[in-house]
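Reader: I would like to learn how to read charged pairs and nonpolar cores in a model. Please take me through one case.

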Amino acid sequence: MPIPNATDTNIGTTLTRVSAASFRFGFEQQFNQIQNTVIRRINSEIDTVIRNDDTPRRLAALERDYGKLEKNKALIDSFAFDMRANQTRLASMQTNVYEAISAFTAVDDNTNLTADEITALNAKRDALIEETSALLLSVHPDISTPYVVRDVKNMYETLKAMSPVEGVVDPAGTTTPTNGNRQILDDLNTLSGLIDTAYDVTTTTLENASQTSLNLSATLATKLSDMTQLSSIELQKREAQIEDIKANYGNILRVISLSFEARISSVEEMNKSVQGWDIPPGSVMNLFV
């Protein structure tokens, strides 16, 4: 078997080294191109995930529903506030109209009104006028509201026109009244009935409005929970999909890199093998070169 001379060995070693360096440089160039391509692919797939994610649309729908519910609740609460105010006034009016009627001493056809009784009656009349004026005509489209409060307010001018005088109260149905006292008493009794009806209806309406407000509050809480859960869970899901894409292409790049490392290692081992033929100076093998 012929022994290679030093010149052949040096040339082989040099060529092997050049080949290894060239191989590494070429791979790095190709790997850089592959890496750029992978990055573009990752970005493209991430864009697709984001584009196909309907979470923003679903959140927008929930937010629209939430906004409508908030507006409805505000209207219901405002309506309930008005009903509560009317209920308080009507309760006071029940007392005042009762005391106004009582100012006649008794519902007796022959009862006379004295100056003191007229003073008490006029005070209650004035209180009723003020309270009637303050009643609120509030309605809500989703809650049935009979016009009972309006019927009470319609008595406003009648109350203002009341001018009791000292003297008798004519019997009911008198065709030729002595004065206006009998009409005042009849009107007060009519007003009393209207006030009682308005109070009962207003109380029921207030209860309905309060229950509706509670139901809306519960629905709002559910919607808010849905939005929070959707934002959290879907965001995590989308982030997981993106991380999977990155991991997948990361693995591809690692496989390519490991393949290169294996090949370059093989080349370097070959280079070492060739270098093993170098003959040290002074060696007896120099005699054969």
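This is a predicted model: local features need pLDDT of at least 70, side-chain atom pairs count only at pLDDT 80 or more; totals for chains, interfaces and linings use all residues.

Reader: What share of the residues counts as buried?

Author: Buried means under 20% relative accessible area, exposed over 50%, and partly exposed in between (1.4 Å probe, protein chains only). By that rule, 30% of the 289 residues of the protein chain are buried.

Reader: How many salt bridges does a search of the whole structure find?

Author: Side chains of opposite charge can pair when their charged atoms come close. The term salt bridge is used for a side-chain nitrogen of Lys or Arg within 4 Å of a carboxyl oxygen of Asp or Glu. The search finds five. One of them joins Asp77 and Lys73, at 2.7 Å from N to O. Asp77 and Lys73 are about one helical turn apart because they are four residues apart in helix H2 (residues 55-102). Asp77 is partly exposed at 30% relative accessible area, whereas Lys73 is buried at 18%.

Reader: Which residue forms a salt bridge with Lys124?

Author: The partner is Glu99, with the closest N and O atoms 2.5 Å apart. Lys124 lies in helix H3 (residues 115-134) and Glu99 in helix H2, so this pair ties together parts that are 25 residues apart in sequence. Both ends are partly exposed: Lys124 has a relative accessibility of 23%, and Glu99 has 33%.

Reader: Where do Asp186 and Arg182 lie?

Author: Both are in helix H6 (residues 181-275), four residues apart, or about one turn of the helix. Asp186 is partly exposed at 30%, while Arg182 is buried at 9%.

Reader: What is the nearest side chain of opposite charge to Asp170, which is buried yet has no salt bridge?

Author: For this count, Lys and Arg are positive and Asp and Glu negative; His and the chain ends are not counted. The nearest opposite charge to Asp170 is Arg182, 7.0 Å away. Asp170 sits in the loop between strand S2 (167-168) and H6, and its side chain reaches the backbone nitrogen of Thr178 at 2.4 Å.

Reader: How many residues does the largest nonpolar core have?

Author: In soluble globular proteins, nonpolar side chains tend to be buried together. A nonpolar core is a set of buried Ala, Val, Leu, Ile, Met, Phe, Trp, Tyr and Cys residues joined through side-chain atoms within 4.5 Å. The largest one here has 26 residues, and those with the most contacts inside it are Phe104, Leu128, Leu188, Leu191 and Ile195. H2, H3, helix H4 (148-153) and H6 each give two or more residues to this core. The largest share, six residues, comes from H6. Another core, of 15 residues, lies apart from it and includes Phe79, Ile143, Leu216 and Met227.

Conventions
Residues are numbered from 1 along each chain as its sequence is written. Side-chain values use heavy atoms; hydrogens and water are left out. A polar contact is a pair of N or O atoms within 3.5 Å; within protein, one must be able to donate a hydrogen and the other to accept it, and residues adjacent in sequence count only if both atoms are side-chain atoms.
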